[in-house]
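Q: I have a structure open and would like to learn how to read its features one at a time. Could you walk me through it?

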Amino acid sequence: GAAGAGAGGAGAGGGPAEEGKAAELDEAALNAKAAQAAQAAADDAATLKEIVVFREPAVVHVYNVQEYGRHFYRTLIYSSDSTFCLQGSLPSIAAAHSTTPMYAAGNCTTESATKPSLIITRNISSRVGKQTYLPPKFLCGLLPSALLDDYNFWQNEDDSLSGYFADVNDVTKDPTMLRVYLSKSSDKDLSGKCCSPANAVVQRVPVKASESGGLMEERDDTKPVMTMVNIMYAPPSSPIFGLLRLLVRLDDLSHVVAWSLDEAPGPDRVMNIDYIEFPRLKLNFKVRKSSTGALRLESLEHKGLTVVVDPPPAVRALGKGIPHSLILVDSTGDYFVLVPATARPVRPHVANQLFSRAVLLDRRNQKWVNNIDNDVRHYLYPVHISHAFLFAPSLAASLYLMLLRFMDRQYSAVFRMADSCVSDTTLSPEELQIFQQLGKLGDDHHPDAHACRLKISLATAASRDAMACDWDLSDEMNNYVHKSHCVSASCRLSPEEELELLEQCQDPNERMWNRKNFITAALTATPGAPGTMRVEYPARAAPNDFDAVIDRSAFVQNDVKSFLSKFATLSYSRPEEHVGAAAVTFLNSIIDHGLELRGGKDSLGFLFFYELMTDSLRLRVLTDDKPFLLASILLRMLPQPELNTPGELISILRITAMNPQLAPGLPTYEDKRKVKMSTMFAGLSGIQKHLKAVSEFFVKNQATIRLDAAPMGYTPPKTMAVPPMAELYKRNRVWIIPRARDLSCGARRIRPVSVKYFSQRVNGPVALEVDKKEVEAHSNQPLAPIGLNDYVIEKTRAQLGEGSLSATLPFNVSHHPSAKSHVAQDMVTRMSQDVSDYAATMNSGKVPKMAVLSDADCEAISEYLTNPARGNASKQSVALGNTDKLIKKLNDLRTKDLAFVEEGMAFLPTLLNFTPPDSEAGANLKLGQFGGSEPLIWFELAVQMLLSSSTDGDLASFNPHLSKRQRTAVMDLTMNVLFVSNRS
């Protein structure tokens, strides 16, 4: 039993107890209670469970304690946070205990079934001794699943464990074995229920490959032994705990293994971390300490890249919506975003949040993981030197990034990415599952979400066999047209795109037909000759039963008591007069309770409607509302039997509703009862006299009263004139599409720029200047500012000691029979001309060579490094010194260029979206940009406009507040930022 208990104790337990009352518990009493509970559980044949609570990170693990071969073992069955769970095979479940979306793992109610045990032992050699096979389920939660997947574990006679490669034929991994040494507590387990604590030391020992296929246990002394570090137990204030929070961004702890090269490990010793492995991601990092004591992670797969925790704000912004990303940097300052591919992004339902940005990462979906390329299970996105966007290295990387942007509701980014996420070949399983995951966002009904799905449909229209969109095109188009006035400017489809999509829709409704006809007419219209569209209308609704009934009961001059013959009682409790929100609340209440002619639950019957119609009861939502109209609407909410059955009371209300001109003259109801009660009896003289007066009023005005609904006096037009699209751009800015109209600009002049301003970013004055000399350098020799001619010279072939090239073909095939045809002769003539042109170019051309590091200098340096005694040390020193000067000048220029690009990129959006101060029109534009209805010009759009033949017109339509001079200046600055960034 001790061996099993020790194995279990290796992974259980929490951090040290806090000082205070929590640590002042009677340990003996607790042990006694634990023993009693264990005995009760055994008596009832229940499952004994062990609950381990971690304070930091906040997570609860639940183990089943199970008997196996007369020993007790624990196995993990539940974790409140799958991220910090060492068992990777437990299924992910939505965590009900958390107010924020997260994944738990497993089921804490899982019972441990009692069944016979099969014990497997072996005795291979006297050196190894007797070993007992330990099923991996009894190490679940104690060792990372990454180790349990790779090794089979056997328990030795001294209770230690030996882990051997499960797949000895796997040549991709160096042969190793695991040694698990137990450090048991001196306390004995008197309960027999696995209560004896123990710690474990886990070491990975390199071994020599066995040629005979036997056990690999012979130590390979050429490689170091590594000791596993359990980072779950790191103190919250330690650097390792900060490292823990960083590591779980990439993967769950079940597939994160930290190793130390410490040669004298101990169960209670704090060890350094030297290597971190992510087996599922095929990633490994070397850990180094900086001069400040901070831990630095250097990638082993991507040489020269180091994890950075404090990148520039612009780079950090590129990781928005990618919670499992890490940012890396190389020695030249270039940044990269590392994103695991093994996490399946899922959008959870969040109560009371209409457009939640929450994203869950399901890392336990084995089907998703199996579909990923087994060699590279992560994506590395290089960051553009401007820090404005990412480069996607593959189609799968592009699709995954677009999926994450979609889930974070970065609709503008998704819309722009759609055109680049297309393939005309069959998608790989990895690409296909990402693309299909986009279809699971169909419950996103944001107007921009419809636009993004339509943009993806448009981009993949020619690749439907390879990329079939998992949404209904007609439904999406109908929703887009219906919500088009709410679609952000950055996500608007162009009229041509809308027309193309509308033509692909099946069974379009009237709204879609009208949109298609309108756009077609606008595109074909010309100035002075508007287009004509045919207008489609839905089928006219059948007349309402209320308007179809003709009831003359109010005109009948019978005994006044007959007015109430069908109503022994009426109830009316006059409500308070409400305006605004209070009126809305009151109306919601009475509509929910239901309205009745006799009064109903709220005692608001006939007299309630009557007083509203006669303006005696002033109930208004807006201050200028008419209670008469409200009564006419509420009247139609009465039960159908009361509306369709003729009667004196409903007849009075119906006639009044159809003849609003009568309302001011109707008799006002006055309740003259001494005792005010909500219930009114038929025999009361007050109500009888009032109804008689109303009847007499109707009879008197009978000639002017209309009893049926007014006939439709309006016939909608069948056609409508539509102005040309150019006119629509001016009339309504909802047609403005923030894209270049074309990409057909043939040439563009480069001009010097000089912009001086106060920068909020650096909190001081800044000057962005590119003079004429610098412009000439960009046009001819970008590195001219460093004095390039001092370091590079051009030499002819003769100066290089090379002969001239021959201008004739080195062979003659004119006499060959196959060369007699006209086609063959033309081919030989063309080849001869090509050889002649190439020889002329090379013979007259010059080849650039390093002036400070000639070929002879390189040979001298090589000779000196190979044989210092024979080499020329002074010549080597001079050459290397000149090279160092060149490198310094290049680095200085790059530093200057990067500063220019960074400041220019930060300031360009301000210039592009400039509006004059204290301008109402400018304030309107800013408000529209904030709400999304107006285009907010971004850097990439400015670059795109440089390729347009109508750059000035495009920019003027996007921001009409920019003058001609300002538009020219801002595009000149954009060009220079591009040139400088290209050089850097």
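Q: At what angle do helix α24 and α25 pack, and how far apart are their axes?
A: Helices (H or I, at least four residues) and strands (E, at least two) are DSSP runs, numbered from the N terminus. Here α24 (residues 855-866) meets α25 at about 125 degrees, with the axes 9 Å apart. Angles under 35 degrees count as roughly parallel, over 145 as roughly antiparallel, 65 to 115 as roughly perpendicular and the rest as oblique. The pair α24 and α25 is therefore oblique. Keep in mind that this is a predicted model, where local features need pLDDT of at least 70, side-chain atom pairs count only at pLDDT 80 or more, and totals for chains, interfaces and linings use all residues. Residues are numbered from 1 along each chain as its sequence is written, and side-chain values use heavy atoms, with hydrogens and water left out.

Q: Which way does α24 cross α25, and which residues make the contact?
A: A crossing is left-handed if the near helix is turned anticlockwise from the far one by less than a right angle, and right-handed if clockwise. For α24 passing α25, the crossing is left-handed. Contact means heavy atoms within 4.5 Å. On the α24 side you'll find Ala856, Asp857, Ala860, Ile861, Tyr864 and Leu865, and on the α25 side Ala873, Lys875, Gln876, Ala879 and Leu880. Sorted by class, that contact has 8 nonpolar, 1 polar and 2 charged residues. The classes go like this: Ala, Val, Leu, Ile, Met, Phe, Trp, Tyr, Cys and Pro are nonpolar, Asp, Glu, Lys and Arg are charged, and the others, Gly among them, are polar.

Q: How do α22 and α29 pack?
A: Read them the same way. Helix α22 (residues 772-780) packs on helix α29 (residues 964-983) at about 60 degrees, with axes 11 Å apart. The two are therefore oblique to each other, and α22 passes α29 in a left-handed crossing. Glu774, Val775 and His778 of α22 touch Asn976, Phe979, Val980 and Arg983 of α29. Those residues split into 3 nonpolar, 2 polar and 2 charged.

Q: What about α16 and α17: which residues are in contact there?
A: Helix α16 (residues 606-613) and helix α17 (residues 627-635) pack at about 145 degrees, their axes 7 Å apart. Phe608, Phe609, Leu612 and Met613 of α16 meet Pro627, Phe628, Ala631, Ser632, Leu634 and Leu635 of α17. The class count is 9 nonpolar, 1 polar and no charged.

Q: Where is Arg618 found, and what is Arg618 in contact with?
A: Arg618 sits in the loop between α16 and α17. Setting aside neighbours within four places in sequence, Arg618 is in contact with Glu577, His578 and Pro627. Its C-alpha is separated by 8.8 Å from that of Glu576, 42 residues apart along the chain. For accessibility, buried means under 20% relative accessible area, exposed over 50%, and partly exposed in between (1.4 Å probe, protein chains only). At 42%, Arg618 is partly exposed.

Q: How many residues of α7 are buried?
A: In α7 (residues 395-407), 13 of its 13 residues are buried. Just after α7, Arg409 has a positive phi of about 60 degrees.

Q: What does the secondary structure of the whole protein come to?
A: The count is 29 helices and 30 strands. Buried residues make up 45% of the 984 residues.

Notes:
Axes fitted to C-alpha atoms, helices over the stretch in contact; angles between N-to-C directions.
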